[in-house]
Amino acid sequence: LTERLNEINTVVFSTCPQYGCNCIVTESIFLRTIKGKSDLMKSYQKAYLRNFTEFNSIMKSCPSPGCDTFISCLKKGSCQVSCLYCENTFCFKCLRDGHSPCSCELVSAWDNKNKDESENVKWLEVNTKKCPACHRHIEKNQGCNHMTCRKEAGGCGHEFCWLCFADWKGHTNCNNYDENKEKKKNEELKHELDKYIFYFNRYMIHKKSLAYAMKTQKALERYLDILNTTKNISYNDLQFMKEGTQCAIKSKRILMNSYIFGFYLKDDKGPPVKPLFEYHQGMLESNADKIQGFLENNSIDALVAIENYDEFNHNFKIFKNSLIGLYTTTNKFCDDFLNEAENNLLSKISFKK
């Protein structure tokens with residue numbers, strides 16, 4: 001049974017070791033066997049709880065590595081929750097990192113898009129054509145339409161027309177070539193690729209900003225201790241700094257996911273909604289950056305370095321009021337933004353599952 005504890009996902013289904021016996025070892029027998037060994041008891045209890053939650057629709061274990069907390073949620077469907085122990089924010093339905101205002105399906109589609117090679121294929125379609133003989137991709141780097149599939153580049157030596165793909169030998173003209181149609185097709189492919197790059201770059205920028213904001217949260221404890229011990233400020237009076245950091249993390253996470261939402265948001269029917277969505281996105285972006293600026297280490301270092309008592313109190317009061325005003329406004333922006341996206345704009349989302 002001790003050996004079976006190494007297989008945490010199946011240990012609760014351990015059977016009698018007697019050959020041919022399929023009787024499952026009960027919890028009472030298991031606990032009696034490992035009694036007095038606290039590390040083994042803890043491992044079994046963890047396995048037992050994990051097995052219980054796998055078949056429980058309203059309870060799941062926190063997906064954060066090293067966290068043994070179990071969380072209950074009565075709301076059905078996708079729901080963003082936070083672990084009170086490790087402060088990890090995740091989706092209760094799919095266990096991914098919190099992804100509001102996006103649905104689980106939308107995030108899955110985005111992840112698949114980033115993993116596959118579709119964008120490389122689009123580049124090849126825009127910038128190259130296949131040799132009609134050996135089907136290798138060839139990039140046109142000169143003005144003449146007389147193309148040669150170069151052997152020194154791994155080609156076959158075939159010569160053909162870039163426009164109509166006919167053999168160059170005996171070739172006279174390409175009267176049947178629809179240049180406008182081909183040009184339109186290439187422009188559409190380029191536009192789609194440029195759009196993807198635009199949204200992907202901003203998604204990654206906010207992903208890095210989120211990671212930095214989370215590091216700021218971990219470093220904040222040291223500053224709270226310094227302000228408490230050197231400036232004699234109670235921890236209760238410093239809670240606004242924690243709330244400001246939590247707001248910065250919340251807004252950065254929403255902004256990161258908003259670029260997934262924006263990529264798939266369409267204005268095909270009815271009045272345009274994307275300009276208003278982008279306006280609110282921009283306002284949230286501005287406020288999130290201001291909060292992060294307030295919480296930068298050098299800003300707090302400058303505050304801590306003030307030795308004069310009256311000067312420090314004056315600057316601390318300005319810092320506190322400014323930060324509270326910022327995160328109060330930003331939290332409202334976050335809530336309004338999520339409410340609008342999740343309740344009014346989801347019908348405008350279009351993607352292939």
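Buried means under 20% relative accessible area. The model discussed here is predicted.

Me: How far apart are the end C-alpha atoms of helix α3 (residues 104–115)?
Reply: Helix α3 has 12 residues. At 1.5 Å a residue, α3 should span 16 Å. The distance in the model agrees with that: 17 Å.

Me: Which residues of α3 are buried?
Reply: An α-helix has 3.6 residues a turn, so residues three or four places apart point the same way. Buried residues in α3 include Leu 106, Val 107 and Ala 109.

Me: Are the rings of Trp 110 and Tyr 203 stacked or edge-to-face?
Reply: Their centres are 5.5 Å apart. Planes over 60 degrees apart count as edge-to-face. The planes here stand at 65°, so the pair is edge-to-face.

Me: How many residues apart in sequence are the parts that this pair ties together?
Reply: Trp 110 lies in helix α3. Tyr 203 lies in helix α5 (residues 179–230). Both residues are buried. The parts they tie together are separated in sequence by 93 residues.

Me: Which residue lies over the face of Phe 263?
Reply: Phe 263 is buried. Phe 263 belongs to an aromatic cluster, with Trp 110 and Tyr 203 among its members. At 5.0 Å from the ring centre of Phe 263 lies Lys 195.

Note on methods. Residues numbered from 1 in each chain as written. Predicted model: local features only at pLDDT ≥ 70, side-chain atom pairs only at ≥ 80, totals over all residues. Heavy atoms only, no water. Helix = DSSP H or I, 4+ residues; strand = E, 2+ residues; numbered from the N terminus. Expected span 1.5 Å × (residues − 1). Buried < 20%, exposed > 50% of the residue type's maximum accessible area, 1.4 Å probe, protein only. Phe/Tyr/Trp six-rings, centres within 6.5 Å; stacked < 30°, edge-to-face > 60°. Lys NZ or Arg CZ within 6 Å of the ring centre and 35° of its normal.
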